[in-house]
Amino acid sequence: MQKHILLVTVLALIGFGASAQSFLENSQVNGSFQTDAQYYMLDKGIDITDLNGKKFGINGFGKVNYTNGNFSAGIRFEAFLPEMNGFRSELNGVGLANFYATYDNGFIGVTVGDIYDQFGSGLVFRTYEEWSLGMDNALRGARVVLRPTNGVTIKGVYGRQRFFWAPYLEREMSADDYRGIVRGADAEWDLNQSIPSMNDSKFRMSLGGSFVSKKQADQSLFYYIPENVGAAAARLNLGYGNWAFSTEYAYKINDPSAINNFIYKEGQALMASLSYSQKGFGAVLQVKRTDNMSFKSMYTGKQNDLDINFIPPINYTHTHSLPSMYTYSTQPNGEMAAQLQVNYTIPKGTALGGKYGTKLAFNMSQVNDIVRDSIMDNGQMVINKKGSLGYASDFFAISKHRFFRDINFEIDKRINKDWHVNAQYINLYYDIETIEGHAGAPVVQANIGFVDVTYKINKKQSLRLELQGLWENEVHKGYEVEESEKKDYQKRGDWAAALLEYTISPHWSFSIADKWNYGNPVEEYRDHYFTGTVTYIHDATRVMLSGGRQSEGVVCVGGVCRTVPASSGVTLTVSTSF
Amino acid sequence: MKKTIITLMAAMAIATAGCDKIDINNTHKPYTPTGGSKTVLIKDFTGARCVNCPEAADYAHELQHRLGEDRIFILSVHAGYLATPTGQFPDFLTDEGTAWYNNHDSNPLFSVDHVALTDGNTLNVEQIDTPVADALAEPQSFDITVENTYDESSRKLDVKSEVKAVTDYEGQLYVSYCLVEDSIVGWQIIPGGMDREYVFRNVFRGTLNGADGEPLPSNHVFVEDTFAFTHSMTLDSTYNADQCYILSYVSDNSKNGKILQTAMQKVK
């Protein structure tokens with residue numbers, strides 16, 4: 001397959017008649033490089049008494065894209081030698097991870113190689129790469145995009161997904177890295193572009209539809225596994241003036257898998273969003289229901305890899321260290337979620353707005369389980385039994401089992417030309433047993449707050465101070481944690497954090513920080529996590545060196561998470577782009 | 001219009017070809033194990049506080065039921081953090097089980113005839129189908145017989161066993177004897193809560209001759225060679241002798257401890 005793609009790429013280059021000289025004359029080249037390296041040290045203070053033979057972890061990539069008129073091509077090289085702690089061990093290796101070549105003249109676009117794309121909101125198809133998660137589910141194959149008329153786009157994709165460094169060739173069915181082929185098509189019609197009378201209309205409308213199918217051989221000894229699993233979606237986007245509404249519904253045929261315990265129930269997902277915005281005010285209401293919508297090109301897979309689709313999270317993304325300790329991870333087997341976000345800017349020149357205006361934001365999001373009722377199977381009432389339809393679920397019913405809730409209020413105020421303040425209060429409910437798999441661990445119910453103050457010393461220098469606190473309402477108050485339960489109490493209890501950053505524009509930044517788990521129910525976990533960081537920036541190049549402790553936690557992007565173990569040592573990050 | 005109809009028909013054809021609907025009344029495949037008498041041991045590393053373990057154990061038992069209860073044995077080894085007893089959770093930890101678990105950090109984990117265990121790896125429950133089927137298809141190298149004599153009053157158990165080669169074989173051969181107690185009722189975490197009357201199946205209670213067993217007198221054996229072993233132990237007063245078994249297996253340390261044959265016999 002790889003040889004074929006390279007051959008096609010070379011032929012494409014020749015076929016477009018690009019002489020070497022003209023190929024270079026009108027070309028543009030851009031790219032980026034990044035290396036993250038960690039040196040690990042023993043640290044009895046946070047219970048790191050064995051490095052398991054791993055002193056270094058290095059993740060690095062370099063990508064280069066070439067564009068010349070209608071033609072573009074690129075490569076991405078990766079090295080994990082070995083992978084940093086918290087990344088999947090299958091990443092260990094070095095090599096050319098991705099490559100592609102595209103010809104697109106506006107009417108037709110053809111890509112061969114590794115494809116990143118998304119149909120609608122991704123409910124049936126999305127391939128993407130997320131460096132911070134060590135995740136890449138690119139589709140190696142081909143894509144054709146047709147634009148037969150204004151506002152109409154038709155796409156087709158075909159290929160096999162990346163699975164770390166596993167070969168793309170047809171594999172033995174018994175191979176651990178055996179995975180299926182993905183093929184899909186999507187059509188989108190933007191009426192405002194297609195119909196001349198609607199070009200400048202206040203009313204906006206677009207429609208779309210997708211169909212994706214995976215083909216994977218039946219490897220099971222016990223169950224008849226569908227070798228072709230299809231999923232379809234339809235979407236609608238409407239807008240009028242300041243209002244916008246979008247919705248997408250997806251349906252997946254029977255897809256027994258390790259994730260859903262080999263049940264044959266269909267999958268469904270519905271998302272809808274209503275928003276209003278005007279100067280100084282914006283509000284968005286989102287709702288989502290998913291049921292059995294995990295869709296992978298390897299039905300035996302259980303981790304965050306080989307996902308064909310993507311279930312978008314509808315939760316606030318926190319960036320400060322304490323609020324982001326408990327980030328929601330999308331539950332693939334089903335959830336009911338809602339989010340309301342309201343932003344308002346108190347106008348300049350008013351008593352509360354002051355000279356620069358005051359930004360206020362309110363957000364509330366909640367995720368519950370769906371309701372699952374028993375069904376009759378071979379004369380018995382069963383629920384989620386392998387080989388059965390699994391369960392019945394009322395589409396609009398909400399389970400009492402709450403996974404997550406985040407209510408937060410934020411104020412952002414520039415006081416004068418020297419002072420800027422940002423503060424936020426968060427009320428959090430986090431079912432750590434469901435989300436992180438800590439069996440029997442009590443739910444995290446916490447109040448979190450921070451103040452982030454920036455003082456501009458002069459044109460070039462500034463100081464920034466962050467003060468954060470996290471207070472858990474209940475962590476077995478007064479309960480003596482037994483020895484064997486301790487592992488579930490790492491990072492639990494009350495926290496305080498502070499950061500002081502000194503910046504000399506445009507190159508230097510120095511910071512010191514500490515996170516202190518002073519209220520952990522387990523006395524030996526009441527640790528400080530000190531870090532010191534120096535950053536140097538030169539144009540598009542950034543070098544960051546930091547040393548200290550990293551607490552255990554999760555890193556989540558778009559509802560997809562990876563666990564980060566506690567560590568102690570030195571981290572160097574070098575990145576550049578051109 | 002004609003183009004639209006053709007396009008729609010093509011789309012429907014693609015969609016139909018891209019979907020296989022399985023008859024919900026016929027989701028189970030018939031399976032007939034390949035011939036032979038090779039038996040297989042599944043070690044299920046589990047824990048009473050492991051929420052996913054009951055489901056995995058059910059799967060292993062379903063596998064046993066479908067592929068042959070006389071040829072597949074399951075040993076539930078409680079080991080690891082989630083097996084460490086707290087509060088009312090039962091204590092099924094053993095030194096040998098902890099040694100076999102080899103510092104892995106999750107449950108449930110499995111090995112099939114020790115494959116992918118002693119080299120530091122384990123299997124997830126979804127991965128055991130093929131190794132079990134492969135192991136069943138292997139030729140049998142040994143035959144094991146176990147004869148138990150149990151005295152009710154003293155709770156003393158005498159185990160007499162013979163290991164007989166059914167083919168010539170060369171390796172680093174060991175034989176192990178394990179005590180197993182079935183159908184123990186106790187607390188187990190299950191999805192959505194706690195089952196206070198969970199029935200623990202095939203619980204490993206310890207070995208009679210160490211975590212690695214004991215070597216056969218010869219590493220190069222010939223067909224019909226027979227080796228006799230005897231062991232004695234006193235059953236713990238809390239064990240239900242009616243539900244106890246001796247499980248025995250022959251393994252080859254030159255192949256990462258691969259198990260060549262397993263046998264199981266009731267104590268009473």
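## Exercises on a two-chain model

A:I48 is partly exposed, because 17 other C-beta atoms lie within 10 Å (the partly exposed class sits between buried, 20 or more such atoms within 10 Å of the residue's own, and exposed, 12 or fewer, with C-beta atoms placed from the backbone). This is a predicted model, in which local features need pLDDT of at least 70 and side-chain atom pairs count only at pLDDT 80 or more, while totals for chains, interfaces and linings use all residues. Residues are numbered from 1 along each chain as its sequence is written, and chains are lettered from A and ligands numbered from 1 in the order in which they are written.

**Exercise 1.** Find where A:I48 lies in chain A, and list which residues A:I48 is in contact with beyond its neighbours within four places in sequence.

*Solution.* Start with the location: A:I48 belongs to the loop between β1 (28-40) and β2 (56-68) of chain A. (Strands are DSSP runs of E with at least two residues, helices are runs of H or I with at least four, and both are numbered from the N terminus.) Next, look for contacts, meaning C-beta atoms, placed from the backbone, within 7 Å. Finally, take A:S567: 519 residues separate it from A:I48 along the chain, yet their C-alpha atoms are 7.2 Å apart.

**Exercise 2.** Describe chain A as a whole, from its secondary structure to its contacts.

*Solution.* First, count the elements: chain A has 4 helices and 30 strands. Its radius of gyration is 26 Å, close to the 25 Å from the globule rule for 578 residues, so chain A is as compact as a globular protein of that length. (The radius is taken over C-alpha atoms, and the rule is 2.2 Å times the number of residues to the power 0.38.) Then check burial: 34% of the 578 residues are buried. Last, among contacts with a separation of 6 or more, 58% join residues 24 or more positions apart.

**Exercise 3.** Trace how β8 and β9 of chain B are joined.

*Solution.* These antiparallel strands, residues 184-190 and 193-200, are linked by 6 bridges (pairing takes at least two DSSP bridges). B:I190 stands opposite B:G193. The hairpin has 2 residues between its strands, and B:G192 in the turn has a positive phi of about 90°.

Note on methods. Contact = placed C-beta atoms within 7 Å.
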